[in-house]
Amino acid sequence: MESKQKLNISQSLIKKIWEYESGKECGIKVKEIDILKNKPSISTKPMKLGQYFEYLCTGALLRDGSIPEMPTTNAGKPTADALRAKKQSENFKSMVEHYGFDIIDSNKVITVPIDDNYNLKVVLDVLISNQDGKIAMLDIKFTGLLDDKWNDIGWDSSRFYQRDKLKIQPIMYKHVMEKAEDVPNMDFLYAIFSSKNDTDYQIWEAAIDNYDVVMRELKEEIIPNVKKYLDDMSLLEPKPEYKRCMYCPLKDECAYVAKHPEIIKTHIYDVKYESESS
Ligand code: SF4
């Protein structure tokens with residue numbers, strides 16, 4: 001009998017489900033692209049730049065084994081972004097040397113089974129051993145949002161505890177590494193490089209002090225919530241919206257595609273103001 005392929009639950013799928021639940025993502029798109037992988041997702045410009053940066057730092061290839069392309073101008077010269085990525089990758093290498101990090105592995109996919117149907121999956125940018133010989137995960141970011149206090153994916157260390165979409169990564173990775181390597185609460189570092197200039201970068205340690213409580217929430221609430229949709233994918237309903245559909249890889253074959261924007265009602269007079277002044 002043909003065995004059913006296990007589905008993977010990753011931190012990016014958890015975030016997609018949250019976006020779907022808050023109305024910011026379409027259920028059909030989540031199902032076809034993020035869960036069943038029936039079509040590749042479209043890489044945005046910042047994503048491509050991030051992939052190129054990571055390649056410069058660690059030699060990480062794309063999932064299909066190809067080398068990420070250097071962004072170029074129409075004349076075929078590196079763009080300003082590409083030049084900044086190059087400079088910041090030199091900062092990465094200098095940082096690794098300064099802190100005495102020994103790179104053990106990079107771009108490593110780890111999956112652990114949670115039941116007969118599902119795996120948990122993480123992709124480690126870098127696994128390092130520090131000067132004391134302690135193993136840690138190191139994740140590399142190349143972002144225009146370093147020190148951004150207001151964006152819900154802004155990299156401001158004082159607000160990290162409020163950023164659910166960011167902090168799910170260390171939570172998930174620590175859980176998977178505990179299952180895979182039997183090391184609870186393994187250190188997780190971020191190396192966050194600004195894509196706006198050649199100089200700014202920060203190194204964070206994403207510490208989890210109340211580890212047992214956080215892991216219980218992941219295992220008893222967050223993962224079961226994702227499994228609910230995987231067990232019954234009819235819960236993932238279409239949410240067509242013009243802009244979302246126009247950038248969706250499924251738009252040519254999707255029966256729900258929104259081909260025109262909806263009419264937005266705007267108000268020339270403030271009704272509340274009118275009633276107060278009459
Ligand atoms: S085209 Fe629109 S409705 Fe169809 S899957 Fe994509 S986002 Fe959803």
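**Gln202 and its surroundings**

I began with Gln202, which touches Leu146 and Ile192 when residues up to four places away in sequence are not counted; two residues are in contact if their C-beta atoms, placed from the backbone, lie within 7 Å. This is a predicted model, in which local features need pLDDT of at least 70 and side-chain atom pairs count only at pLDDT 80 or more, while totals for chains, interfaces and linings use all residues. Residues are numbered from 1 along each chain as its sequence is written.

I placed Gln202 in strand S6 (residues 201-205), where helices (H or I, at least four residues) and strands (E, at least two) are DSSP runs, numbered from the N terminus. Gln202 counts as partly exposed because it has 15 C-beta neighbours inside 10 Å; a residue is buried if 20 or more other C-beta atoms, placed from the backbone, lie within 10 Å of its own, exposed if 12 or fewer, and partly exposed in between. I also noted that Gln202 and Lys141, 61 residues apart in sequence, are 9.9 Å apart in space, C-alpha to C-alpha.

**The cores**

I then turned to the largest nonpolar core, which has 31 residues, of which Phe53, Met137, Leu138, Tyr173 and Ala191 touch the most other members. Such a core is a set of buried Ala, Val, Leu, Ile, Met, Phe, Trp, Tyr and Cys residues joined through C-beta atoms within 7 Å. Two or more residues each come from helix H3 (45-58), helix H4 (80-98), strand S3 (118-129), strand S4 (135-143), H5 and strand S5 (187-194). For Ala191, leaving aside neighbours within four places in sequence, I listed contacts with Phe92, Met95, Leu138, Ile140, Tyr201 and Ile203. I found a second, separate core of ten residues, which includes Tyr20, Cys26, Ile35 and Ile222.

**Helix H1**

What does H1 pack against? The buried residues of H1 are Gln11, Ile14, Lys16, Ile17 and Tyr20, and they pack against strand S1 (7-10), H2, helix H5 (164-181) and H6.

For the pair H1 (residues 11-21) and H6 (residues 211-231), I noted an angle of about 70 degrees and axes 10 Å apart; axes are lines fitted to C-alpha atoms, for helices over the stretch in contact, and angles run from 0 to 180 degrees between N-to-C directions. H1 is therefore roughly perpendicular to H6, a term that covers 65 to 115 degrees, with under 35 as roughly parallel, over 145 as roughly antiparallel and the rest as oblique. Leu13, Ile14 and Ile17 of H1 make the contact with Ile222, Asn225, Val226 and Tyr229 of H6.

**Positive phi values**

After H1 comes Gly23, with a positive phi near 85 degrees. I also looked up Lys37, which is not a glycine but has a positive phi of about 55 degrees; Lys37 lies in the loop between H2 and H3 and is exposed, with 11 other C-beta atoms within 10 Å. Asn107, likewise not a glycine, has a positive phi of about 50 degrees, lies in strand S2 (residues 102-113) and is partly exposed, with 17 other C-beta atoms within 10 Å.
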